[in-house]
Amino acid sequence: MEKIPFQTVQNSIDKICSITEESDLEKASQHLFEVQPDLAGFFMEFIEDMSEGAQDLGFMMALILNKSFEEQYQNLRKMNEEEVVERFEKNEAEFEKYLQINDDVIADLQEKSMKEGQPEILNYIIEELFMSPELEPALEANEQVHLFIICKFFVDCLHELANETAPELVRH
């Protein structure tokens, strides 16, 4: 399966971050909930108790992540609520490890994503949450980690859907 290139991620960041009109942001939000209603709903529910700054950042990241996948893979099917919950529960043990996230965990995730994931997408998430000095307002460490968990989950779900539609998919 083709990986999403850096330029596609950057174009998605530029497009979403250049939105200045509230009505355009509302359209982008509506679009996300039209194409992935249950996954987007799960994402928003996951971040609802976070600070307003964390919620805003998480929401913008979800828009960027979804845009990146849409640009690379057209016609992803909608993941239903049962699939979303089942996938989250299946991966909860892995997410627990992220609560202790450090450079080694990040390096392992990056190595794994080079082999079977979306390395440019993962790099965007890591840079945005952990390496961005201009992150305003500053997030609490637990909010950074929880945003990482939900963004990683969101991307893994979209990646799974993209794998379903990849014509060159070969299983060994």
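This is a predicted model: local features need pLDDT of at least 70, side-chain atom pairs count only at pLDDT 80 or more; totals for chains, interfaces and linings use all residues.
The expected span of a helix is 1.5 Å times one less than its number of residues. Keep that in mind for helix 4.

Helix 4 covers residues 52-72. It has 21 residues, so the rule gives 30 Å. The end C-alpha atoms of helix 4 lie 31 Å apart, which agrees. Most of helix 4 is covered, with 15 of its 21 residues buried.

What does helix 4 pack against? Two partners today: helix 2 and helix 8.

Start with helix 2, residues 22-35. Its axis is 10 Å from that of helix 4, at an angle of about 60°. The crossing is left-handed. On the helix 2 side, the contact uses Leu25, Ala28, Ser29, His31, Leu32 and Val35. Helix 4 answers with Phe59, Met60, Ala62, Leu63, Asn66 and Glu70. By class, that makes eight nonpolar residues, three polar and one charged.

Now helix 8, residues 141-165. Here the axes come within 10 Å and cross at roughly 20°. Angles under 35 degrees count as roughly parallel, so helix 4 and helix 8 are roughly parallel to each other. This crossing is right-handed. Helix 4 brings Ala54, Leu57, Gly58, Met61, Ala62, Leu65, Asn66 and Phe69. From helix 8 come Glu143, Leu147, Cys151, Phe154, Val155, Leu158 and His159. The classes here are eleven nonpolar, three polar and one charged.

Look at Ala62 and Asn66 on screen. Both meet helix 2, and both meet helix 8.

Methods: Residues are numbered from 1 along each chain as its sequence is written. Side-chain values use heavy atoms; hydrogens and water are left out. Axes are lines fitted to C-alpha atoms, for helices over the stretch in contact, and angles run from 0 to 180 degrees between N-to-C directions. Helices (H or I, at least four residues) and strands (E, at least two) are DSSP runs, numbered from the N terminus. A crossing is left-handed if the near helix is turned anticlockwise from the far one by less than a right angle, and right-handed if clockwise. Contact means heavy atoms within 4.5 Å. Ala, Val, Leu, Ile, Met, Phe, Trp, Tyr, Cys and Pro count as nonpolar, Asp, Glu, Lys and Arg as charged, and the others, Gly among them, as polar. Buried means under 20% relative accessible area, exposed over 50%, partly exposed in between (1.4 Å probe, protein chains only). Angles under 35 degrees count as roughly parallel, over 145 as roughly antiparallel, 65 to 115 as roughly perpendicular and the rest as oblique.
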